[in-house]
Amino acid sequence: MAMVSPSDPIVPSPDNETPNQEKLKTLRRIIVGPAADRLHRLEHRLDDFATRTKEVSHILPDAIALSLDQDRRIAGALRATIEDSIRDSVRKDPKVLADAIFPLMGPGIRRAIATAIMGMIQSFNQLLNHSFSIQGLKWRFEALRTHRPYAEIVLFHTLVYQVEQIFLIHCASGLVLHHVSGGTADYQDPDMVSGMLTAIEDFVRDSFGGTSEEGLDTLRIGNQRTIWIEKGPKAYMAAVIRGTPPLELRQRMNETLGSIHIRFQQPLEQYQGDSAAFENADEVLATCLDARFKETTKKTSPLLWVMAAILIGIVAWGAVAAFQYKRRCNHFLAALKHQPGIVVTDVEKKGRHLMVLGLKDPLAEDPTPLPRSFGFSDDQVDFHLQPYVSLEPSFILKRARQILGPPPSVQLAMQSGALVVSGVAGHQWIQRLMTTFSAIPGVFGIHTQKLVDSDIEALGTLDRHLQQLRILFPVRSATMDQGQDGVLTRLMDDLGLLEQLSQRLGRALGIRILGYSDSAGTEAVRLAISQQRAEAVYRYILRKSDLDIDIKRVGLGMYPQVEPVAPTEKVQALSRCVVFELLNHRLLR
């Protein structure tokens, strides 16, 4: 039968419905409506995921607590989830877990540090008590005689007993579960010690019989060490002890072994060779790492006062030496900073060793010998100087002389950042000066007004000398007069010098041979004879040398200084000549 909710709308009855049917529907809504509403709300509650989640969250803590009280199944079910959650948290942000366990780690770390410090202080006290006494001197002599450390001698004479090492060994397999040490003893590999103890115990049991519970109890190694063994159901402890321990130590070992079996019950039962589960056994086993020393009465030894006086003298001497050393360092550094071309940027002092850091111009003097003048040895001062270019005028001039290589006849000076060059130099050096002076650091200009080009000067002198040479010829002849050898020799010397100047100046220099005649004859005759005379001198030059210069020859006819209206015999003789002219006169401007 269909259920009708009171909230359903009332549909008007069809025309064919009777009034009784309409009343029946109304009655049905009144009777069944509330149940239908509850069923509707229940379906909505079951279908709504958020509503069900909220309801479960209210009862989940009580359900987990009830399950833990009844059995441990819930702990096993949640173990994997919790481990994965912790692993993911550490992988994502280790700081969160580190902050959470910090309150637990702090006390454990402080306890371990305190134990180590107390052991160190105890050993130090023993050494200090006997350092400045007659007994201490005897022990030092014994240490020198026996070649053993002084601390070991003091320990031997003052120690009552000390537990050096503790081994936790699995009974069934004989493997070492964990090992702790007092930190002062040298020991072999723990697995080797475990194997040795197991072998000795098997030997004793096989040789003398006995049950599995019976076995070794004590082993003595020489006169100094003893091994105490305390048995347990799953594991046993072996303590390496120096000296004579009290019986209360064995009781403490028994209690410690019992704590191990309670705390590590499951790892001991499930042990398959992996000792990782016993890493936390340190704090339990360390309670047996004990030591006890002989009590000594403290009294002031006269030697202590002597040692105190010596110590005060050493301190005073050290203070004076430190003051003198500091003063020497200051004087040395002041002198170093005044050396041109050296810049000190830092000084590192390590004891009596100095490390000087800074800059040094390559042209500056070597500072290595300087420390000796202040009482330092060669190995007390190290220089770490990086190269740099100093712009001091003296270093600019040094660098200019090094780069330019001026001749002795040239002087260099600096004036307002410009290089002043004076004196006499060759043309090639001057050309190199003009192209390279700008590459000298610190030089921003050049003044050469007082610099003389010796090659240009020599060329001008040579030009004047050539103009004075005159080779004479007889009347109507192209053959040179007798007595011209001196003139020809000077001509060949001048031409050789001209070739040298051509090479030094880098220019193709040469001469022009000018032939002349007197006023006799026609213009054509005078022109022909002057050309022949120039050719004659040209052929003479070619016969005498193979000069690499440009030689031109030309006949110019009558000599221009001859007056045709008033000739004289001397003027006519001088007109029958060959003269010379230097080519490329632009260099002389």
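Q: Which residues of helix 8 are buried?
A: This is a predicted model, to start with. In helix 8, the buried residues are L249, R250, M253, T256, L257, I260 and H261.

Q: Where do they sit around the axis of helix 8?
A: They cover an arc of only 140 degrees, which puts them on the same side of helix 8.

Q: And why would that kind of spacing line up?
A: An α-helix has 3.6 residues a turn, so residues three or four places apart point the same way.

Q: How far does helix 8 reach from its first C-alpha to its last?
A: Helix 8 spans 23 Å. That is close to the 22 Å expected at 1.5 Å a residue. The helix runs over residues 248-263, 16 residues in total.

Q: Where is S416?
A: S416 lies in the loop between strand 10 (410-415) and strand 11 (418-425).

Q: Is S416 buried or exposed?
A: S416 is exposed, with a relative accessible area of 80%.

Q: What about R476, what's phi there?
A: R476 has a positive phi too, about 50 degrees, although it is not a glycine. R476 sits in the loop between strand 14 (471-472) and helix 15 (485-505).

Q: Buried or exposed, that R476?
A: R476 is exposed. Its relative accessible area is 59%.

Q: Which helix holds L24?
A: L24 is in helix 1, residues 19-47. L24 counts as exposed because its relative accessible area is 54%, and the cut-off for exposed is over 50%.

Q: Zoom out. How many helices and strands in the protein chain?
A: The protein chain has 17 helices and 17 strands.

Q: What share of the chain is buried?
A: Of its 589 residues, 33% count as buried.

Q: And the accessible surface, what does that come to?
A: About 37,500 Å² for the protein chain. Carbon and sulfur atoms account for 58% of that.

Q: Last one, contacts. What share comes from residues 24 or more positions apart?
A: Such pairs make up 63% of the contacts in the protein chain with a separation of 6 or more.

Notes
Residues are numbered from 1 along each chain as its sequence is written. This is a predicted model: local features need pLDDT of at least 70, side-chain atom pairs count only at pLDDT 80 or more; totals for chains, interfaces and linings use all residues. Side-chain values use heavy atoms; hydrogens and water are left out. Helices (H or I, at least four residues) and strands (E, at least two) are DSSP runs, numbered from the N terminus. The expected span of a helix is 1.5 Å times one less than its number of residues. Buried means under 20% relative accessible area, exposed over 50%, partly exposed in between (1.4 Å probe, protein chains only). The arc is that of the directions from the helix axis to the C-beta atoms. Contact means heavy atoms within 4.5 Å. Accessible areas come from the Shrake-Rupley method with a 1.4 Å probe; for residues, only the protein chains shown count as cover.
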